[in-house]
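Here's a quick briefing to read alongside the coordinates. Have the viewer open and follow along.

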Amino acid sequence: MGKPNVLFVLTIDTEEEWQWSEEFPQHDCSVQNVKQLPAFQAFCESLGIRPTYFVDYAVANDAQGSAILREFVHTKKAEVGAHLHPWCNPPYFGKTTEAESHVINLPEEQVIQKLDELNRVISEKIGVTPRSFRSGRWGMKGKTLELLASRGITVDSSVYPFYENDFFHCKGAPVTPYYPSFDNALTPGAQQNIMELPVTAGFNTTHFSMADKVHTALSSGIISAIKPVGILWHTKLLRKIYLSPELTHSEDMNTLVDICLDKKYPVIHMYLHSSSLIDGATGLLNINDAFGTICERISKVVSHLQEKADVSFCTITEAATRLKAVPTAVQTCAEGQYSHEL
């Protein structure tokens with residue numbers, strides 16, 4: 001039996017850097033991390049990766065950041081999509097609260113105005129009209145999907161599998177590509193104007209749904225005080241794994257890749273933040289030589305994946321186009337199965 005065919009997508013939230021434990025920056029945002037993008041792009045090209053940069057207002061409106069990304073687009077070796085950070089994306093409507101930092105919680109009229117301004121600056125400064133989108137701090141709802149589709153967005157990647165907090169959740173959403181309903185973004189629908197392509201996430205066990213129920217139950221209530229989730233992680237009995245070199249060592253990511261290939265996932269989707277390419281920028285990856293560590297982890301995952309599968313490297317809209325050509329590869333309200341024959 002031959003190797004399965006799989007698409008590999010790498011997306012980068014390309015944004016300002018600040019300590020995430022502090023207030024959301026609004027004006028004069030630091031975007032020093034963009035200086036690392038040429039070296040990171042060269043690294044991606046050395047592996048054959050065609051990255052997608054989800055670019056926010058702070059980077060698109062920065063002379064150096066927009067010039068670097070414009071060159072990537074000019075060489076046609078990367079894609080630029082839109083990334084909406086409510087706090088630093090005009091027009092402004094006062095100080096951004098924790099709840100309002102998630103696009104899903106903004107009034108629709110604010111989302112419209114901010115998205116249109118983001119698309120304008122990306123078009124004027126980088127020279128592209130975005131066809132892909134990711135919301136700042138994750139989360140999606142049907143009305144926003146309708147708005148995105150009306151602005152020419154054909155693929156969204158705002159659903160963060162198995163995640164919930166006090167302000168939104170993505171629980172129960174499909175973990176592989178699907179056409180989301182405009183009534184409920186977390187369920188497949190009949191429309192086929194915009195595809196949802198979630199990042200790859202799961203557990204170190206095949207039964208993701210059951211593992212998620214156990215993980216959720218142990219993460220809340222009185223029992224959480226004894227930190228059972230941490231105990232299960234350290235003993236490797238149960239690990240929630242996101243395919244991100246910022247969060248996860250290559251060994252665990254390779255475990256997730258193997259399970260997803262066994263499940264015949266059509267896409268392996270890795271992500272990271274551009275701010276993690278410089279040391280100590282956000283508090284997420286507090287190590288020396290974060291850039292080198294991220295590249296090493298990506299290399300190990302790509303090498304492992306290529307041993308197990310025939311890999312096609314795609315930008316996110318390229319992946320969506322290929323998936324759309326194989327209707328059974330995308331979940332709809334009528335069918336929940338997919339094929340890996342891409």
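**Strand β3 and its surroundings**

Val55 has Ala82 as its bridge partner in β3. Keep in mind that this is a predicted model.

- The Val55 bridge belongs to a parallel pairing: strand β2 (residues 52-55) is joined to β3 by four bridges.
- Ala82 also has a bridge partner in β4, namely Phe133.
- How many residues of strand β3 (residues 79-84) are buried? Six of the six are, so the strand is largely enclosed by the rest of the structure.
- Neither face of β3 is left uncovered: Glu79, Gly81 and His83 are buried on one side, and Val80, Ala82 and Leu84 are buried on the other.

*Helix α5*

- Helix α5 (residues 142-150) has Gly142, Thr144, Leu145, Leu147 and Leu148 buried.
- What do those buried residues of α5 pack against? Their partners are α4, β4, β5 and β6.
- Just past the end of α5 there's a backbone detail to check: Gly152 has a positive phi of about 90°.

- Asp13 sits in strand β1 (residues 5-14).
- Is Asp13 buried or exposed? Its relative accessibility is 2%, below the 20% cut-off, so Asp13 counts as buried.
- The side chain of Asp13 makes a polar contact of 2.7 Å with the side chain of Arg134.
- Leaving aside residues up to four places away in sequence, Asp13 touches Phe54, His83, Arg134, Leu272, His273 and Ser274.

*Aromatic pairs*

- The count of aromatic pairs comes to 17.
- Take Phe162 and Phe203 as a worked case: the ring centres are 5.3 Å apart and the planes meet at 70°, over the 60 degrees needed, so this pair is edge-to-face.
- Why does this pair tie together separate parts of the chain? Phe162 is in the loop between β5 (155-156) and β6 (195-196), while Phe203 is in strand β7 (residues 201-203), so the link spans parts 41 residues apart in sequence.
- Elsewhere, ring pairs join Trp138, Tyr160, Tyr163, Phe168, Tyr242 and Tyr271 into a cluster.

*Charges over rings*

- Arg239 has its charged end over the ring of Trp233, at 4.3 Å from the ring centre.
- Lys263 does likewise with Phe208: its charged end sits over the ring, 4.6 Å from the centre.

- Ala39 is part of helix α1 (residues 37-47).
- With a relative accessible area of 40%, Ala39 is partly exposed.
- Where Ala39 and Phe291 are concerned, 252 residues of chain lie between their positions, yet their C-alpha atoms are separated by 9.5 Å.

How values were computed: Residues are numbered from 1 along each chain as its sequence is written. This is a predicted model: local features need pLDDT of at least 70, side-chain atom pairs count only at pLDDT 80 or more; totals for chains, interfaces and linings use all residues. Side-chain values use heavy atoms; hydrogens and water are left out. Rings of Phe, Tyr and Trp (its six-membered ring) pair if their centres lie within 6.5 Å; planes under 30 degrees apart count as stacked, over 60 as edge-to-face and the rest as tilted. Helices (H or I, at least four residues) and strands (E, at least two) are DSSP runs, numbered from the N terminus. A charge sits over a ring if NZ of Lys or CZ of Arg is within 6 Å of the ring centre and within 35 degrees of the ring normal. Buried means under 20% relative accessible area, exposed over 50%, partly exposed in between (1.4 Å probe, protein chains only). Two strands pair if DSSP finds at least two bridges between them. Contact means heavy atoms within 4.5 Å. A polar contact is a pair of N or O atoms within 3.5 Å; within protein, one must be able to donate a hydrogen and the other to accept it, and residues adjacent in sequence count only if both atoms are side-chain atoms.
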